[in-house]
Amino acid sequence: MNILLVSANTFTEPYPVYPLGLDYVAGSIPGRHRVTVIDMNDTNGPQGLAAAVRTASPDLVGLSLRNIDNTDVTSSEGFIPGYGELMRAIRGATPSPVVLGGCAFTLFPDALLRELGAEYGIVGEGERFAALLEAIEGGSDPGTIPGIAIPGSPAAVPPPWDGPVRRRFDPGAAHIGYYLKRGGMLNLQSKRGCPHRCIYCTYPHIEGSGLRLFPPEEVAETALALQRAGARYLFVTDAVFNCHPDHSEAVAEAFIRSGLSIPWGAYFSPAAQRGGVFELMKRAGLTHVEFGTESLSDTMLHNYGKPFGVEEALRAHHDAVSAGLHVAHFMLLGGPGEDESTVDETLSVAEGLPRTVLFFFCGIRIYPNTRLHEIALGEGQIGRDDDLLYPLFYRSGRISHDRIIERVRERAGGRTNWVFAAGGETMNRALKKMHRRGHTGPLWEYLVQ
Ligand code: B12
């Protein structure tokens with residue numbers, strides 16, 4: 001079959017993100033099929049897509065949906081209408097069926113099938129694409145395959161994929177140049193799954209809560225292949241890079257042995273670390289530690305179900321800074337139990353953090369299949385029939401979003417290292433300019449104070 005895979009994402013904040021998921025979908029398709037990838041970041045809008053679809057004349061189109069919105073309570077930006085335009089462009093150019101997939105699709109399969117009017121969807125890992133192809137070719141009912149959703153017959157998230165996982169990275173692919181010219185950042189996965197149970201988080205639903213570890217030597221080989229293709233920085237996309245210390249350290253050691261020489265960054269949990277771990281990571285090329293800290297109030301860390309307290313977070317911060325790494329903390333204010341005193345507690349501790357950047361997200365988006373969803377239902381903030389596809393944010397009964405934002409602004413004073421959400425338009429413009437001038441990486445280290 002002739003298969004066309006399309007990455008729909010064109011959001012460029014905080015920077016353009018290489019469509020990694022499609023490399024895995026492409027890698028799962030047996031070699032007898034022909035696969036073409038189109039990245040909307042590198043295509044001239046719906047018109048360009050229609051032209052590319054006509055040229056490719058596919059038997060089946062896969063549309064990858066990564067984001068639904070920017071999860072920012074102050075400037076909510078939604079991407080569904082744009083995806084609708086892409087669907088119309090595809091429909092105008094081919095009568096072939098369309099399959100939806102991607103982490104955004106896994107969060108809202110029924111709603112997205114309905115809104116976009118596709119024939120199929122794959123909930124969870126796209127490695128099940130080959131099973132769908134087989135069913136279509138053999139004339140059997142795809143709806144019986146775990147994870148395959150069809151309109152009117154939604155699929156639950158299937159058990160984690162236990163077959164082979166192969167990334168097909170083609171250094172000659174046209175869209176790679178787009179990312180190399182804009183910051184030179186590509187991405188890498190070293191495992192799937194998240195064992196944590198943070199009440200607001202979708203990662204265990206999207207990736208499964210059991211860890212599936214990729215062999216460290218293979219991860220290093222892929223990293224080296226990305227470097228050879230021109231990448232100047234890698235982001236490890238794992239939910240929490242250090243949640244399995246033996247594995248993350250083995251990956252770092254494999255990077256060192258492989259001779260990888262480009263810098264990289266990852267999400268870390270500021271839970272208790274083994275001594276010397278950040279030094280090892282630094283030797284392996286780690287430059288940016290993005291801590292998913294969320295709060296610096298023990299009450300709120302407990303309410304969020306975080307697996308660490310403030311003391312551990314401070315120690316992890318100190319260890320990472322002492323190892324000479326750039327350190328940022330991502331904060332999530334406004335969850336259950338948040339009030340003026342927990343906000344102030346967080347901000348007071350934050351004021352004392354040396355050499356860091358803090359990204360404040362004020363207001364938590366409610367996702368289905370999370371504990372927060374249940375809490376919001378229990379508190380009567382939302383109803384069972386509310387459509388969460390269009391974002392609803394949890395409201396603490398004790399403090400409003402506006403007051404949280406006001407409080408953060410007051411306490412921030414003139415600090416440039418306290419950033420709202422991902423930094424907004426101003427920060428994005430500055431970042432784009434620096435990437436055009438040849439700088440690489442997320443570049444938030446320029447804000448460190
Ligand atoms: C790493 C990450 C980031 C990093 C990315 C760094 C980089 N260079 O890659 C950073 C920090 C930059 C980031 C930023 C943002 N992110 Co983010 N991010 C993630 C994360 C943790 C992993 C994504 C990933 O790469 N996974 C690995 C790949 C291999 O998996 P995958 O893409 O899901 O693909 C698999 C399947 O989905 C499927 N699949 C994929 N495509 C297709 C297509 C078809 C046809 C099929 C059948 C299957 C299929 O098969 C693949 C293999 O199994 C996810 C959460 C999660 N755990 O998934 C959030 C997530 C995608 N991010 C999210 C958001 C909101 C954002 C931001 C908008 C936040 C902000 N305001 O700044 C920005 C947008 C960035 C952009 N330009 O698009 C949301 C999206 C949901 C939503 N509300 O829209 C998620 C889901 C987290 C959440 N809140 O739930 N992010």
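1. The first point concerns a pair of helices. The axes of helix α2 (residues 45-56) and helix α3 (residues 80-93) come within 8 Å of each other and cross at roughly 30°, and the crossing is right-handed. Axes here are lines fitted to C-alpha atoms, for helices over the stretch in contact, and angles run from 0 to 180 degrees between N-to-C directions; a crossing is called right-handed if the near helix is turned clockwise from the far one by less than a right angle, and left-handed if anticlockwise. Helices (H or I, at least four residues) and strands (E, at least two) are DSSP runs, numbered from the N terminus. On the α2 side the contact is made by Pro46, Leu49, Ala50, Val53 and Arg54, which meet Glu85, Leu86, Arg88, Ala89, Ile90, Gly92 and Ala93 in α3, two residues being in contact if their C-beta atoms, placed from the backbone, lie within 7 Å. By class, this contact has eight nonpolar, one polar and three charged residues, where Ala, Val, Leu, Ile, Met, Phe, Trp, Tyr, Cys and Pro count as nonpolar, Asp, Glu, Lys and Arg as charged, and the others, Gly among them, as polar.

2. A word on the model itself. This is a predicted model, in which local features need pLDDT of at least 70 and side-chain atom pairs count only at pLDDT 80 or more, while totals for chains, interfaces and linings use all residues. Residues are numbered from 1 along each chain as its sequence is written.

3. The protein chain is divided into domain 1 (2-149) and domain 2 (183-447), with bounds that come from an automatic or database domain assignment. Their C-alpha centres lie 27 Å apart, and the contact between them takes 20 residues from domain 1 and 29 residues from domain 2. On the side of domain 1 that touches domain 2, α4 gives the most, with three residues, and by class that side has 11 nonpolar, six polar and three charged residues.

4. The ligand deserves attention together with the domains. Both domain 1 (2-149) and domain 2 (183-447) give residues to the shell around the ligand, so the ligand lies between them. Of the 45 residues around the ligand, Gly21, Gly62, Ser64, Gly101 and Gly126 come nearest, a residue being near a molecule or strand if its C-beta atom, placed from the backbone, lies within 6 Å of it. Two or more residues of the shell come from each of α1 (20-28), β3 (60-64), β4 (98-101), α4 (103-107), β7 (185-188) and α8 (203-207), and the largest share, five residues, is that of α1. By class, the shell has 22 nonpolar, 16 polar and seven charged residues.

5. Another open sheet has seven strands in the order β7-β10-β11-β12-β13-β14-β17, with parallel pairing. Its edges are β7 and β17 (418-420), each of which has a single partner strand, so one side of each is left without a neighbour in the sheet. Neighbouring strands of this sheet are turned by 25° against each other on average, direction ignored. Strand β14 (residues 357-362) and β17 run parallel and are joined by three bridges, and phenylalanine 359 has valine 419 in β17 as its bridge partner. Helix α16 (residues 401-412) packs on the sheet, where it touches β13 (326-333), β14 and β17, with its direction at about 160° to that of β14.

6. Two backbone details are worth checking. Most residues other than glycine have a negative phi, and most peptide bonds are trans. The peptide bond from glutamate 13 to proline 14 is cis, with omega near -5°, and proline 14 is placed in the loop between β1 and α1. Asparagine 369, a residue other than glycine, has a positive phi near 65° and is found in the loop between β15 (364-365) and α15 (371-378).

Notes:
Pairing = 2+ DSSP bridges.
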